[in-house]
Amino acid sequence: MALRFKKFIENITLTEAQWKDAKTKYEGVCACLDKHFYDSEYNENHKFLFGSYKLKTPVRPIVPEQDVDVLFRIDYSTYLKYQNNPGGLLQEVRKALKEKYTTTDIIKAWGKVVLIQFSDGTHNVEVLPAYEMYNGEFLIPNTENGGSWNVFDPRTPIKSFQDSNQSSNSLTQELTKMIKAWKRNTSTLEYKSYRIAEDVTTFVNNIYPDGADTGSYLSVIKNFFTYIFNRISSTDARYSHINTAKTRVDKAYQYEEDGKHIEASEELRKVFGDVFPKEEENDDNTKSIRSFTNAPSPWRV
């Protein structure tokens with residue numbers, strides 16, 4: 001099963017070309033805004049990557065709603081200009097981007113962000129204009145409820161995740177990707193990426209602070225679903241989905257203990273989808289038992 005989980009991680013990890021595409025997209029967006037707001041070429045210091053692409057936990061295949069989250073730093077004069085009109089800043093960002101990107105690309109401004117949906121059907125970019133305060137937190141525009149500026153602190157959860165991932169020898173990152181694959185395979189499940197990262201970080205810090213080898217990943221998955229299931233209310237919208245996944249992983253674990261690797265992989269494919277590899281054979285003793293069970297029964301004739 002260790003090889004299956006290793007292949008599973010490979011199957012859901014972005015390719016080098018996909019990472020390059022994401023970087024090209026968000027750097028292009030920020031370069032456009034640099035030219036507009038600073039009248040300069042692309043300045044890497046004006047962008048702050050956060051979310052899945054900062055944590056290196058996005059999964060493939062790429063889907064239409066897959067966005068790269070990037071913050072664009074505005075200067076103090078721009079903040080003062082829009083201090084009483086946060087929606088105006090989003091509209092200026094949108095206008096600046098529309099001057100660069102073609103009419104086949106869709107650019108929307110709402111809430112706190114401007115979304116660029118690229119016509120090539122790969123990565124989109126959500127850009128969040130923000131003013132950085134002296135304490136390292138950001139003020140971000142919010143157009144809801146009449147408009148306001150909200151405090152946003154992306155650094156704290158990023159550090160928490162990265163510290164956990166380093167201590168656990170990348171278990172935090174890999175488990176996050178596996179849970180995202182489950183979420184992707186569960187169409188009606190609402191489970192935000194940032195919340196998955198938070199839940200996995202808490203779980204790993206409490207149960208596997210030193211990490212786990214790939215051969216133990218079935219146990220890790222089993223324990224994660226049990227951990228989450230025992231901590232949510234039956235009224236939580238995720239409850240039935242987590243219960244179903246827990247039941248299937250429990251069955252997979254028992255099958256694996258019994259040497260029934262084919263059946264174990266079948267249960268895991270129900271959880272994670274076709275990205276989880278099929279097992280081709282069971283242990284010899286299991287195959288013998290199956291052959292005996294399925295053998296002709298002449299005494300019944």
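Guide: In the classes used here, Ala, Val, Leu, Ile, Met, Phe, Trp, Tyr, Cys and Pro count as nonpolar, Asp, Glu, Lys and Arg as charged, and the others, Gly among them, as polar. On that basis the lining of the largest pocket holds 23 nonpolar, 13 polar and 12 charged residues.

The model is predicted: local features need pLDDT of at least 70 and side-chain atom pairs count only at pLDDT 80 or more, whereas totals for chains, interfaces and linings use all residues. Residues are numbered from 1 along each chain as its sequence is written, and side-chain values use heavy atoms, with hydrogens and water left out.

A pocket is an open set of points on a 1 Å grid over the protein atoms alone, where a 1.4 Å probe fits, with protein on both sides within 12 Å along at least five of seven lines; lining residues have an atom within 4 Å of a point. Of its 48 lining residues, S52, D69, K192, S193 and Y194 are the closest to the centre.

Helices (H or I, at least four residues) and strands (E, at least two) are DSSP runs numbered from the N terminus. Those that give two or more residues to this lining include helix 3, strand 2, strand 4 and strand 5. Helix 8 gives the most, with seven residues.

Rings of Phe, Tyr and Trp (its six-membered ring) pair if their centres lie within 6.5 Å, planes under 30 degrees apart being stacked, over 60 edge-to-face and the rest tilted. F203 and F224 are both buried. Their ring centres lie 5.3 Å apart with planes at 85°, so the pair is edge-to-face. Because F203 lies in helix 8 and F224 in helix 9, the pair ties together parts that are 21 residues apart in sequence. Ring pairs also link F203 and F224 into a cluster with W182, Y191, Y208, F225 and Y227.

Note on methods
Buried means under 20% relative accessible area, exposed over 50%, partly exposed in between (1.4 Å probe, protein chains only).
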